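Thank you all for coming; I would like to walk you through a few places in one model. Please keep the sequence and the structure in view while I talk.

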Amino acid sequence: MKKLFKKLGGWLLALGLVANINVSAAELPSGLDWQTNNDDPVFASPEAKRGGVFNLSLMSFPLTFRTVGPDSNTAFRSFILENQLGLYSLHPVTQNPIPGLATHWAFGDDNKTMYFKLNPAARWSDGKPVTSSDFLFAIEMMRSEVIRAPWYNNYFSEEIVDVTAFDEYTISVTAGSEKSQRELLNTVGLTPEPKHFYTLTDDWVRSYNWAQAPVTGAYVMDDVKRGRSISFKRLDDWWGNSLKYYRHRFNPDVIRLTVIRDLNISYRHFLRGDIDTFGLILPEWWHDKTDTPEYKQGLINRIWFYNDMPQGAQGFHLNTAHPRLSDQRVREGMAHALNMQRMLDTILRGDYERMHTFGTGYDAFTDAGIHARDYDIKRARELFAEAGYDQQGPGGFLRNQAGDVLSLAVTYTTQEHTPRLAILREEARKAGLDLQLNLVDGASGFKVMLEKKHEAAWLGWAGGGLYPQYWEFFHSANANIPQTNNLFNIADAELDRLIEQYRVTMDLDAKAAISQQIQRRVHELAIFIPGYQVPYTREAYWRYIRLPEVKGSRHSPSLFWPMEGTTYSTGGLFWIDEDLKKEVKAGKARFEPVLEIDETWRHKEQ
């Protein structure tokens, strides 16, 4: 009977009628070494108090509430994605896996498969139980063309190739190639999708654009004022309240996000107490805008917290589909024409560090021998001349015999970055390059980039994961296709070969060596001009927002992130002291100013 079922399944798969998902009455292998982890230290504070409204701001209202498909890859998406628990997370101190939706896990003998026992208490926010069918549906959904998400289609077909349900609360997830146990943890941590909520129809993108899908985390979207604000409400009876590593976390009753499109206006709201915390990564904000009565009277605290985590790539992404940028000599010349060091030393006050590769912080996976191209006017002009731009035109800008002016239009989304780019524009002029600045509103600007309508995109990606990811950024499968992260539109046979080898290599030393080769090839092609990295978070917060005694971990990207986290379980540790808030809001309280610099995880060489 089983053979007949498998043969029938194969026919249906060949006809495209079912996804490659194992829904047979499979038998669980015997002798599995089931593991769990309830022994690591708790990292939340038992002093944390539930309650209150936590106020934040958004630069722009999202274009969708979907987390996949067109226009979904925005900053707001994290409030939904990181409010969804996975099968497990990683402890932010020990880096060991800790229970999430799964209570236990085991590694298969094939070096591809992990087995999971689901927590029968786990519930969607609408009260429905989380079962194996939701994980089977997640694969079906992520492979479906109706979601219009090529990266997900590929990842959940090639990187995760099978999901098997053994019963309602036992599943396995199989990777596409053999991997070490550590890398399996980085690959198969599947997040379920609510099967009872979604229907995979041809108009899925439109139908669910503003749908508020059930979640497994502590918050649900509660009050939405289109274009103005979004609020999340804490679930009092959240199923995860009793889990060891989730106690004393996710403490505010309400998270309110207010759309304020101008950062300066947002900061004025913060100083008035309408917003509770404010990021001060920008040097001019940290150094120049904290000399106000609110800080001097100790009503607002400041913290400079060094972390030790992977840094996402920040810099210029050159679109090789543009005729001018298709010439590698032009791209190399532009890299030499951009004076990053002057920008770092002046506008950025020396607070940031130069980035040399496409992302950093992955130890042996990062090639420390790569050095970003230095500002060199002579070399830039030589390369431009080789590419035919050897004639001086109006304004001192170079042009070729056809009259094409050597220019680079830069699309970016943050007003505060204008002075940084203006410095680069001033210096680029000396090399004959016309740098044109194109500021576009947040969500709309990122859409321009994803639609590949830019010449150069100035942006930074979030870091994360245990190992760097390359396929989505550099493989030709994502070139010249909208809504993918290959903003370079690069299609390079050597890169493809290395990336495909990287994805299937199990040995971590060999994988790290391939990673370095990929980085060197990216450097050779000059498609990415590295900008800078920021190995810390700097934040201001009203005194009534409280943090644990140990303010954060080496993997904390922010100390005031209200949701779970991505790879590591780091969010939701702060709380609101309502009694202190009343005292502060009364306007008569005065305290000693607080400026804390925590260098626990700072690298010695910095």
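Let me begin with a term: helices (H or I, at least four residues) and strands (E, at least two) are DSSP runs, numbered from the N terminus. What you see is a predicted model, in which local features need pLDDT of at least 70 and side-chain atom pairs count only at pLDDT 80 or more, while totals for chains, interfaces and linings use all residues. Residues are numbered from 1 along each chain as its sequence is written, and side-chain values use heavy atoms, with hydrogens and water left out.

I start with A526, which sits in the loop between helix 17 (508-525) and strand 20 (528-530). Although A526 is not a glycine, its phi is positive, at about 55 degrees. Is A526 buried or exposed? Buried means under 20% relative accessible area, exposed over 50%, and partly exposed in between, with a 1.4 Å probe and protein chains only; A526 has 1% relative accessibility, so it counts as buried. Another positive phi in a residue other than glycine, near 55 degrees, belongs to R148, in the loop between helix 3 (132-143) and helix 4 (150-159).

Contact here means heavy atoms within 4.5 Å, and, leaving aside neighbours within four places in sequence, R331 is in contact with L318, T320, L325, S326, L525, A526 and I527. R331 is buried yet has no salt bridge, a salt bridge being a side-chain nitrogen of Lys or Arg within 4 Å of a carboxyl oxygen of Asp or Glu. The nearest side chain of opposite charge is that of D327, 6.6 Å away, where Lys and Arg count as positive and Asp and Glu as negative, with His and the chain ends not counted.

Next comes strand 12 (residues 300-306), where seven of seven residues are buried. In a regular strand the side chains alternate between the two faces of the sheet. In strand 12 both faces are covered, with I300, R302, W304 and Y306 buried on one side and N301, I303 and F305 on the other. Two strands pair if DSSP finds at least two bridges between them; strand 12 runs antiparallel to strand 22 (residues 536-542), with seven bridges, and parallel to strand 25 (residues 595-598), with four. F305 stands opposite T537 in strand 22 and opposite D598 in strand 25.

Finally, the aromatic rings. Rings of Phe, Tyr and Trp (its six-membered ring) pair if their centres lie within 6.5 Å, and planes under 30 degrees apart count as stacked, over 60 as edge-to-face and the rest as tilted. The structure holds 52 such aromatic pairs. In one of them, the rings of F79 and F232 have centres 6.2 Å apart and planes at 20 degrees, so this pair is stacked. F79 lies in helix 2 (residues 77-81) and F232 in strand 9 (residues 229-234), 153 residues apart, so the pair links distant parts of the chain. F79 is buried at 7% relative accessibility, and F232 is buried at 2%. Y470 and Y502, by comparison, form an edge-to-face pair, 5.2 Å centre to centre with 65 degrees between the planes.
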